[in-house]
Amino acid sequence: MRITERIYLVGSLHFGLSGPWDAHVYLLKGSEGLVLIDAGGGTHGGQILRNIEREGFHPQDICALLLTHNHFDHSCGAAELRALTGCRVYLSEVSREQLERGTETEVGLDLAKAMGVYPPDFQYRRCPVDHAVRDGEIIQIGGLRFEAIAVAGHSPDSICYLVELEGRRNLFVGDVLFYGGILGLINFPGSTMDGYRRDLQKLAGLRIDGLFPGHMLFTLRDGQRHIDAALEQCRRGVIPRSIGQFEVIF
């Protein structure tokens, strides 16, 4: 699904583009190759690649997969996509070991299954990480320049990727925050307000145009407004609106 000339949505449970455990999977067109943001849950990698082909691209031109964090709906598809395309996988240095060698218990999948978030037969798929991403790092690949911004809160390893395309500043935030300033705070190990209090301020003043979360709505303009709404909630000293409370505030 084409969003702009350079940004496509090629996987998503919400838009019915791929599997039932797939977060949004974005494809970015660079001057020297294609870059994926997140990989889905690992059950419909073939469908994601077919979607890419339907948009007129060749999967073998995918040179990189940038993972926003190591939750299963974002990262379990990495192994299959890496094997099928030969792309390099990028993930926070905080969770590299988990994706490469973690067990279901170590990554919390057993708890997620017990909560009914994932079915009993859902498999954690390990994947080699070609590059461990650090906060503030500049990643230049496929003719694109990404700035990595670590914002813990939804998870300890969450990375936002800032990329400028045709004069517009776009931020891919994973599950850090959502349309309307809703935070990604969840009842799951590693998700805490401490991370948001410490790191969310890094997103202030970035003049973001396009804001692209891992679920639900995205926006092509005034993305900073949604970030600022989340920042304002954190300043109030109350429990902010979080994922699962879907009311939007504008």
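Select Phe172 and Phe212 to begin: Phe172 is buried, and so is Phe212, where buried means under 20% relative accessible area, exposed over 50% and partly exposed in between, with a 1.4 Å probe and protein chains only. This is a predicted model, in which local features need pLDDT of at least 70 and side-chain atom pairs count only at pLDDT 80 or more, while totals for chains, interfaces and linings use all residues. Residues are numbered from 1 along each chain as its sequence is written, and side-chain values use heavy atoms, with hydrogens and water left out.

Next, select Tyr8 and Phe57, each of which is also buried. The structure holds eleven aromatic pairs; rings of Phe, Tyr and Trp (its six-membered ring) pair if their centres lie within 6.5 Å, and planes under 30 degrees apart count as stacked, over 60 as edge-to-face and the rest as tilted. Tyr8 and Phe57 form one that is edge-to-face, at 5.1 Å centre to centre and with 85° between the planes. This pair links distant parts of the chain, since Tyr8 lies in strand S1 and Phe57 in the loop between H1 and S4, 49 residues apart; helices (H or I, at least four residues) and strands (E, at least two) are DSSP runs, numbered from the N terminus.

Return to Phe172 and Phe212, whose aromatic pair is stacked, with 4.8 Å centre to centre and 15° between the planes. Phe172 belongs to strand S10 (residues 168-174) and Phe212 to strand S13 (residues 210-213), so that this pair too links distant parts of the chain, 40 residues apart.

Now colour the open sheet of six strands, which has the order S1-S2-S3-S4-S5-S6 and mixed pairing; two strands pair if DSSP finds at least two bridges between them. At its edges are strand S1 (7-11) and strand S6 (131-133), each pairing on one side only. Strand S5 (residues 88-92) and S6 run parallel and are joined by three bridges, and Leu91 stands opposite Ala132 in S6.

Finally, select helix H1, whose buried residues are Gly45, Ile48, Leu49, Asn51 and Ile52. They cover an arc of only 155° around the axis, which puts them on the same side of H1; the arc is that of the directions from the helix axis to the C-beta atoms. These buried residues pack against S1, S2, S3, S4 and helix H3 (78-85), contact meaning heavy atoms within 4.5 Å. Just after H1, look for Gly56, which takes a positive phi of about 95°.
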